[in-house]
Amino acid sequence: MELCLGTVQFGMNYGIKGQKQPSVEQAVEMLDYATQNGISTIDTANAYGTAEDVVGTFLAKKTISRDKLFIISKFRPNLLDGVATDDYYRIMRENLENTLSRLGTDYLDSYLLHSARYVFSDEIISTLNRMKQDGLVKRVGVSVYEPEEAKKCIERPNVEFMQLPYSIFDQRMEKAGVFKEAERDNIQIHSRSAFIQGLILMGEEEVPSFLAKAKPIVNKISLLCQRHGLSRIALAMNYVKQQSRISHLVFGVDSIEQLKEDIRIFQEDIPADTIDDIAKEFRDIEADIVMPSLWKK
């Protein structure tokens with residue numbers, strides 16, 4: 001498994017604490033450091049504020065050859081709602097061309113639907129694949145949220161890439177058999193939300209009031225990590241690392257120090273039986289705790 005640097009923090013204030021986005025110079029410094037230290041995959045999206053522009057600024061420096069990078073972006077959410085089928089191609093092509101312009105590149109390595117429900121539309125998936133036929137993207141896929149969306153991706157032969165949420169707190173995909181079904185398929189899988197916007201790393205007293213029912217869970221993982229002599233970052237990363245069908249762990253940072261620490265910790269290994277023993281304690285956490293889209297702030 002490899003790391004993929006997510007860039008949502010580079011384009012907008014993001015995270016459970018509403019962390020401030022770094023300056024363009026700081027973000028480019030982090031992209032430089034990541035790509036000079038073993039990370040060649042970058043995840044961004046048209047909906048991430050100015051993130052694509054920041055990645056474009058980094059690419060324009062040419063500190064690393066474009067063909068050494070794997071760049072992922074996503075079609076802006078909900079853009080095809082209420083649109084006639086005949087207009088799908090025009091809108092999707094315009095959005096993709098906007099992304100390519102902001103990035104300053106003439107192709108993407110992967111282009112994903114950001115509205116996961118679109119995976120159930122034959123017409124939208126077919127139109128997405130026209131972007132590949134046009135030579136603008138190398139692989140197409142979907143950023144999913146629910147197990148049934150992931151299973152639909154696996155079912156479709158013309159969906160080659162999937163990004164899904166997976167963490168020690170969010171074991172829904174594993175429980176639903178998504179990874180087992182994916183063993184029969186050549187779909188590439190990236191996972192996101194290993195830290196659930198920082199929730200896993202919080203002290204109980206830091207958890208905001210709208211997530212009050214997460215406090216006992218946060219307290220439990222803190223106590224278990226203390227008992228086993230583990231850092232919560234190492235546990236969170238190692239839990240994802242043990243899932244062999246995931247090729248990349250997408251993570252975000254808002255400082256160079258955090259980036260360096262995460263790269264270092266990713267190299268650490270925790271015994272599988274220790275991870276399994278701890279993970280059992282978090283198998284049935286409710287969706288409205290582990291899915292930020294359901295948080296009622």
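**Strand 3 in detail**

Mentor: Strand 3 pairs with strand 4 (residues 110–113) in the parallel sense, over four bridges. Here helices (H or I, at least four residues) and strands (E, at least two residues) are DSSP runs numbered from the N terminus, and two strands count as paired if DSSP finds at least two bridges between them. The model is a predicted one, in which local features need pLDDT of at least 70, side-chain atom pairs count only at pLDDT 80 or more, and totals for chains, interfaces and linings use all residues. Residues are numbered from 1 along each chain as its sequence is written, and side-chain values use heavy atoms, leaving out hydrogens and water.

Strand 3, helix 4 (residues 88–103) and strand 4 together make a β-α-β unit that is right-handed: with the strands pointing away from the viewer, the path from the first strand over the helix to the second runs clockwise.

Strand 3 also pairs with strand 2 (residues 41–43), in the parallel sense and over three bridges. There, Asp43 has Ile72 of strand 3 as its bridge partner. From strand 2 the chain passes through helix 3 (residues 51–61) to reach strand 3, in a β-α-β crossover that is right-handed.
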